[in-house]
Amino acid sequence: MKANIEQLRRRYRREWLLIAVEQMDHATTTPLRGRVLAHSPHRDEIDQASMKYPKPALVVFSEDTFPPGYAAAFVVDG
Amino acid sequence: MAEGPLGSSGPITVYVEFTGQRTSRIITMALDTGAVLTVISIETAVAIGYDPAKALKRVELVTASGIEFVPQLTVRAVQCLGQTVRNVEVVCHDLPPQSPVKGLLGLNYLRHFNVHLNFLHHTLVLHPRP
């Protein structure tokens with residue numbers, strides 16, 4: 001299904017998506033439109049599909065926020 | 001100068017494109033000034049054409065489940081807000097499954113720019129360094 005990326009993210013709520021990007025705003029590195037190749041609530045399933053897909057693609061969760069009750073602190077000291 | 005939206009809640013997330021030897025992946029990442037190195041998932045590294053298991057360099061990473069030695073690779077190109085940096089060192093590590101992002105955009109990318117987090121106007125601006 002080819003559609004606006006943000007619409008796809010709203011449609012597949014709390015799922016991971018593998019999307020073939022068909023329109024891109026290169027000036028802002030923002031995928032605009034694409035076609036869903038796979039979707040799943042389980043990240044591992046999308047990871048497996050992504051590793052097999054040989055072309056450029058977007059891997060994204062439907063939302064940018066943590067589930068309720070979660071917080072995170074990421075520190076990486078190289 | 002490159003400008004993008006800044007959310008009003010949650011982590012600061014950005015679309016980032018990683019280009020490797022095979023192909024490219026766009027993922028959402030947390031912009032993380034507490035991360036010295038950029039972190040991507042093992043899947044992302046494999047998908048774009050690298051084999052983390054064969055990485056010559058490993059770094060110690062303290063995680064919620066203990067200390068891990070994780071692969072460090074050099075990725076051909078990293079692009080955010082249209083700004084490309086070539087030959088970027090990345091650490092391969094899967095964030096917890098509850099994480100809504102696939103990685104951390106760290107200082108080794110961000111230091112190529114003057115980064116302006118404008119919370120008043122909800123914009124993230126990258127100024128290339130002169």
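# Briefing on the two-chain model

In this predicted model, 41 residues of chain B are in contact with 31 residues of chain A, where contact means that the C-beta atoms of two residues, placed from the backbone, lie within 7 Å. Local features need pLDDT of at least 70 and side-chain atom pairs count only at pLDDT 80 or more, while totals for chains, interfaces and linings use all residues. Residues are numbered from 1 along each chain as its sequence is written, and chains are lettered from A and ligands numbered from 1 in the order in which they are written.

**The side of chain B that touches chain A**

- At least two residues each are supplied to this side by β1 (2–5), β2 (13–19), β3 (24–31), α1 (42–48), β5 (57–63) and β6 (66–80) of chain B; helices (H or I, at least four residues) and strands (E, at least two) are DSSP runs, numbered from the N terminus.
- The largest share, six residues, comes from β3(B).
- By class, this side of chain B has 21 nonpolar, 14 polar and six charged residues. Ala, Val, Leu, Ile, Met, Phe, Trp, Tyr, Cys and Pro count as nonpolar, Asp, Glu, Lys and Arg as charged, and the others, Gly among them, as polar.
- β3(B) also pairs in the parallel sense with strand β4 (residues 57–61) of chain A, over three bridges; two strands pair if DSSP finds at least two bridges between them.
- Within this pairing, Leu58(A) has Ile26(B) as its bridge partner in β3(B).

**The fold of chain B**

- Chain B contains two helices and 10 strands, and their order along the sequence is β-β-β-β-α-β-β-β-β-α-β-β.
- The radius of gyration of chain B is 14 Å, which agrees with the value near 14 Å for a compact globule of 130 residues. This radius is taken over C-alpha atoms, and the globule rule is 2.2 Å times the number of residues to the power 0.38.
- The C-alpha trace of chain B spans about 45 × 30 × 20 Å along its principal axes.
- Of the 130 residues of chain B, 42% count as buried. A residue is buried if 20 or more other C-beta atoms lie within 10 Å of its own, exposed if 12 or fewer, and partly exposed in between.
- Among contacts in chain B with a separation of 6 or more, 60% join residues 24 or more positions apart.

**The largest nonpolar core**

- This core has 47 residues, and those with the most contacts inside it are Ile19(A), Val14(B), Val16(B), Met29(B), Val39(B), Val90(B) and Leu105(B). A nonpolar core is a set of buried Ala, Val, Leu, Ile, Met, Phe, Trp, Tyr and Cys residues joined through C-beta atoms within 7 Å.

- Arg14(A) has a positive phi of about 55° although it is not a glycine. Arg14(A) lies in the loop between α1 (5–11) and β2 (16–25) of chain A, and it counts as exposed because it has 10 C-beta neighbours inside 10 Å.
- Leu81(B), likewise not a glycine, has a positive phi near 50°. Leu81(B) belongs to the loop between β6 and β7 (83–92) of chain B and is partly exposed, with 19 other C-beta atoms within 10 Å.
- Asp25(A) lies in strand β2 of chain A and counts as exposed, with 11 C-beta neighbours inside 10 Å. Leaving aside neighbours within four places in sequence, Asp25(A) is in contact with Thr30(A) and Leu32(A).
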